[in-house]
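Thank you all for coming.

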Amino acid sequence: MERAASAKVKRAEAKVKKAEQAIKNKERAAANKIKEKEKKEANKIKAEEKKIEKQEQKKVQKQTDKIKKQEEKAKRKAEKMQRKAELAARSPLQKKIDRRLKMKKFLLVLLILLVLAGIVGAGIKFGPKLIEKLNLPEIHFAEIADNIKSKLPFFNKDDSDEKPEEEEKEEEAAAEAPDSEAVTDSAIEDDTTLYISGTSVLEDYYSEALSEFLGLSKKEIKEHSTAASTSESYTNLINGDQQVIFSALPTEKETKMADLAGVDLHPITILNGGFVFFVNKDNPVKSLTMTQLYNIYSGTITNWKQLGGNNEPIVAYQRAENSGSQSGMYKYVINENEMMKVSEELKISDTKDIIKEVSSNKGAIGFSYYYYMTNQKNSGNIKMIAVNGVKPDKKTIQNSEYPLTTYTYAIVTTEENTKSLADVISSVDDKISAMRASGEAITSDSAAGSGTSDAALQAEPLPLKLKFVKWILSDEGQTLAESKGFIRHDSK
C-alpha cells in the first residue's frame, strides 16, 4: 500500500515538473519572438537612418561641388581679368618682344603651309603623268579641287571683302604706332635724363656720385636713384626704365633677356674688392693656397696640423644660403655640390656674428668680403689670412694682385647695330691709364675728353649715361668711392 502511494506521489510530482517545464518553454519561446521582433524593428530603424544619412551626404556633396564650380569659375574669371590687366600694363619694350615672338610663330606656320602647298602642287602637276606611267585609273584633280572649294564657305567669300596683306600690315603698324613712339621717346629721354639703381650696399656711393654729377640735392636725387635686387635692376635696365645699374656681371638668363629685347649689355669695371678668409688671431697659420681652402671646405682637410698649425680640429664656418658671401664661395672657391654639409649652427648669416664666433674659437675659419671686414668694429681677435702668399689689403686688391680680387660693375645698354660701347670705354680707360702714368690729375672733363683733341670722342656727343660712367672712373669719382670705404679700380 505504502509503495503504491509513494509511486503515485512520484508520478504526480513528475507531471507537475513536466507542466512547469512546458510553461517555461512557452515563456522562452514568447521571449525569443519578442526579441526577434525588436531586432527587426531596430534593423528597420537603422536602415532608415542610413538612408537619410546618405541622402544628407549626397545633398552636402552636391552643394560642395556647386560651390567648387562657382569658385573655379570665379578664379578663371579673375585670372582672365589679371591677364588682361597685365597685357594692358606691358611696357613698349615688352610689347615689342611679344610681337617678335608672335611673328616667329606666324612665320613657322606659314612655312609649314608653303611646304604643304608645294607638295599638293607637285601632286597636281606630276600626278597625271605618274598615273599614266603606272596605268592607274585617271583622277581628275581639278574637278576634286573645285568640288571641295564649292563645299567650303571660306573659298566662297567675295574677293572684294578681303584686304591685301600689305594693307593689313599697314593697319597693324598704325595700331601699334603709339608703342613705337613710346620707344622713341624713351630713347630720346635716355640722352637727357638719368635713372640708376644697384645693390643696397653701394647705394650711398652711387646716389652721392649721381648727386655730384648732376648737381642735384639729396632730396632731388631720390627720384633718380633707387636700391634694388640684382635681377630687378637688370629687368629695369633692359626695359629702358633705368640707364645705369651697379651690380655683378649678368647671368645667362639676364643676357638672354637682353638678346630678346634687342639690346647689348656692357659691363664696365668701376671698383675693386676682395673675397677674404679669416681665422682666430692665435692661429699660427698665416697663408693658405686655393687648393687648401678647397680641401678645407670639401671636408678633405680637417685639422690645422695638416696645414702647419696646431693639432686642433678645423671648424669651417659657412654663411646662410642665398647670401652674397655663400654665393661668392661657390663662385670663387668651390662648387655648391662639392661643399661639405654642415649643421645650421655653422651657417652664420651676419658678418658681425661670424666674426664673434671665430674670435672665440681657436680652430675656426670664416669668409666674407673685404669691404664688410674693414667696416666691422671689435674685429681685433681675428686676422685675415693670405691666399697663395698674398695678403688682402687695399694695395694688393687695388692692383688685383690678391688672387680673390672681385669687381663691381656699372652696366649700361646700347641698341643692336649701334656704335660699339666697348670702343668708347676702351679709349677712356687708355686715357686714364696714360694720365695716371704721367702723374696728371684726372677730372671728369679730362676723362670724358672735353677740351682734348680726341676726334673720335668729339665727333659724336656721348649720351649722359656714358658721361656719368666716365665721371665714376675719374679721380673725383674714385676718390668719392674711397671715402665710402670702397677700393678704387686701377685701370690697366
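What you see is a predicted model, in which local features need pLDDT of at least 70 and side-chain atom pairs count only at pLDDT 80 or more, while totals for chains, interfaces and linings use all residues. Residues are numbered from 1 along each chain as its sequence is written, and side-chain values use heavy atoms, with hydrogens and water left out. Helices (H or I, at least four residues) and strands (E, at least two) are DSSP runs, numbered from the N terminus.

First, the charged pairs. A salt bridge here is a side-chain nitrogen of Lys or Arg within 4 Å of a carboxyl oxygen of Asp or Glu, and a search of the whole structure finds seven of them. One is formed by K484 and D204, whose closest N and O atoms are 3.1 Å apart. That pair links distant parts of the chain, since K484 sits in the loop between α19 (475–483) and β13 (487–488) and D204 in helix α6 (residues 200–214), 280 residues apart. D204 has a relative accessible area of 48%, so it counts as partly exposed.

K484 also meets E208 in a salt bridge, at 2.6 Å from N to O. Because K484 lies in the loop between α19 and β13 while E208 belongs to helix α6, this pair ties together parts that are 276 residues apart in sequence. E208, at 23% relative accessibility, counts as partly exposed.

A further salt bridge joins the side chains of K394 and E482, at 3.6 Å from N to O. Here K394 lies in helix α14 (residues 394–398) and E482 in helix α19, so the pair ties together parts that are 88 residues apart in sequence. How accessible is K394, buried or partly exposed? With a relative accessible area of 42%, K394 is partly exposed, and E482, at 25%, counts as partly exposed. Salt bridges that share partners join K394, D475, E482 and R488 into one network.

Now to a lysine in another setting. Helix α18 (residues 464–473) is mostly covered, with nine of its ten residues buried, including W471, F468 and K465. Why does K465 count as buried? Its relative accessibility is 8%, and therefore it falls in that class. A polar atom of the K465 side chain lies 2.6 Å from the backbone oxygen of T413.

Next, the pocket. By pocket I mean, on a 1 Å grid over the protein atoms alone, an open set of points where a 1.4 Å probe fits, with protein on both sides within 12 Å along at least five of seven lines, and lining residues have an atom within 4 Å of a point. The largest pocket has a volume of about 1,100 Å³, where grid points are joined across faces, edges and corners and the volume is the space filled by probe spheres set on the points. Of the 39 residues that line this largest pocket, those closest to its centre are T199, A248, G324, Y369 and Y372. Among the elements that give two or more residues to the lining are α6, β4 (263–280) and α13 (370–374), but α11 gives the most, with six residues.

Finally, some backbone geometry. Most residues other than glycine have a negative phi. N388, however, has a positive phi near 55°, and is found in the loop between β11 (386–387) and α14. At 43% relative accessibility, N388 counts as partly exposed. S400 likewise has a positive phi, near 60°, in the loop between α14 and β12 (405–415), and at 30% relative accessibility S400 counts as partly exposed. In helix α10 (residues 290–298), L293, N295, I296 and Y297 are buried, and just after α10, G299 takes a positive phi of about 90°.

Technical notes. Buried < 20%, exposed > 50% of the residue type's maximum accessible area, 1.4 Å probe, protein only. Polar contact = N/O pair within 3.5 Å; in protein donor to acceptor, adjacent residues only side chain to side chain.
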